[in-house]
Structures are given as C-alpha cells and as structure tokens.
Amino acid sequence: GGKRCAGHVVPDKLGDDAIKWGEELEQKASQWFAPLKPLSQGILLRGSHCGFQCDFSAPISLEDLLRVQHSATSTGAVRFQGGNTERRIEKMYKLTHSYPLTLISTSRVPEMAVLEFGEQGVTVGAGVNLSTIMSEFNAMVDRWGPSDPRIAGLKGYSGLLYWFAGTAVRNAGSLAGNLVTASPISDLNPC
C-alpha cells in the first residue's frame, strides 16, 4: 500500500508534483549512470573530462587493482585515490596532472581496509577512511583503559581527527591519501 516514487514507498502526504519530480530525476539518473559497468574488478566507468579521456575504476581485490593499474599505465597516467578529497588541488596546482587519466579507488579493496592493533603499533591500510580510524582508536582507548601508556598516541590522533574537516570528508578521506599527496595544507602529515 501507500504511494510510490521511483520504486520506493513514500509518505502518503507527499504531493503529486514531488512524486513526478522524483520519477523524472530517477529516469535522468539512470541515463547518467548507464555507463557504469560492474565487472569482475569492481566498477569501471569510461568517460571524458573537458574532452580528454578519463576513466574511473573501483576494484574489489588487490589483484584486480594491480591488473587495472597495469593495463591503464600503458595508455596514460594513473592516479590512486583514497577518498578523492584533494583531487581538485592535484588537477589545478600540481604539474604532474595529464591525460589520458585513470583514477583507481582503493576504498573497496579488502586488503587495503586493514586496521590492526599489534604489540609494535597500529597497521592502517590505505583504504581505511578517517572516520573509521577515529572510531577504532577511540574504541581501543576505552578497551585498554586510562592507565595504559599506549593510549596516548591513539587519543592524540583521534582528538585531532575530531577537529579535522567535516564528517563527509572524514568518511571519504584517508591517512594514506593525505600522506601520498604530500599536500602542504594537510593537517595529518605532522602526526
């Protein structure tokens, strides 16, 4: 029962104009995203940016990531991205930007999503976003307790992340992305 819009049940009080707008938007979005092709290596979107070839890949295993990198390297520049929060700066201000370009996201590769606490320190994979680091560090601080000397670094880092950017950027950005871009405006590199 109830009203439906774009295949979803919506509140009965939603007006017909709003439902019509939602249906039209859904139809346009399905055309916009039609080029997305789920492949064995995840998502591959072939396209262009400002008239130049620019492809995007989101592989789902390290093996597939390396396969995409190898095939893309022969056709042009390859950029790994762990969140894409600094892509515009790289494009506008760094002299290394060139086309054709393949952007490869590390965010869906399980081997890069590792966050482990060991006797010698913490291992943080390149695909772990900043929000996850913050919540896992806080959980470990609670688990180890206030008298454990290992919590000082974790508290300091999660405290910095609390003030770092907004939630949307923390959900996308990664420690590895901040280190690899070596941006002079990164707040994380001194940590």
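Which residue stands opposite L101 in β7? In this predicted model, A77 stands opposite L101. Numbering starts from 1 along each chain as its sequence is written. The model is predicted, so local features need pLDDT of at least 70 and side-chain atom pairs count only at pLDDT 80 or more, while totals for chains, interfaces and linings use all residues; side-chain values use heavy atoms, with hydrogens and water left out.

Strand β7 spans residues 101-105. Helices (H or I, at least four residues) and strands (E, at least two) are DSSP runs, numbered from the N terminus. Two strands pair if DSSP finds at least two bridges between them. β7 pairs in the parallel sense with strand β6 (residues 77-81) over 5 bridges. Strand β5 (residues 52-58) also pairs with β7 in the parallel sense, over 4 bridges. There, L103 of β7 is the bridge partner of F56.

β7 is mostly covered, with 5 of its 5 residues buried. Buried means under 20% relative accessible area, exposed over 50%, and partly exposed in between (1.4 Å probe, protein chains only). In a regular strand the side chains alternate between the two faces of the sheet. L101, L103 and S105 point one way from β7, and T102 and I104 point the other way.

Helix α4 has 15 residues. Its first and last C-alpha atoms are 21 Å apart, close to the expected 21 Å (1.5 Å times one less than its number of residues). Its buried residues are L130, S131, I133, M134, F137, M140 and V141. The elements that cover them include β8, β9 (122-124), α5 (151-163), α6 (167-172) and α7 (175-181). At the start of α4, a side-chain oxygen of N129 comes within 3.1 Å of the backbone nitrogen of S131. Just after the helix, G145 takes a positive phi of about 90°.

The structure holds 5 aromatic pairs. Rings of Phe, Tyr and Trp (its six-membered ring) pair if their centres lie within 6.5 Å; planes under 30 degrees apart count as stacked, over 60 as edge-to-face and the rest as tilted. F117 and W144 form an edge-to-face pair, at 5.9 Å centre to centre and 80° between the planes. F117 lies in strand β8 (residues 115-117) and W144 in helix α4 (residues 130-144), so the pair ties together parts that are 27 residues apart in sequence. F117 is partly exposed at 24% relative accessibility, and W144 is partly exposed at 22%. F117, F137, W144 and Y157 form one aromatic cluster.

Key:
Contact = heavy atoms within 4.5 Å. Polar contact = N/O pair within 3.5 Å; in protein donor to acceptor, adjacent residues only side chain to side chain.
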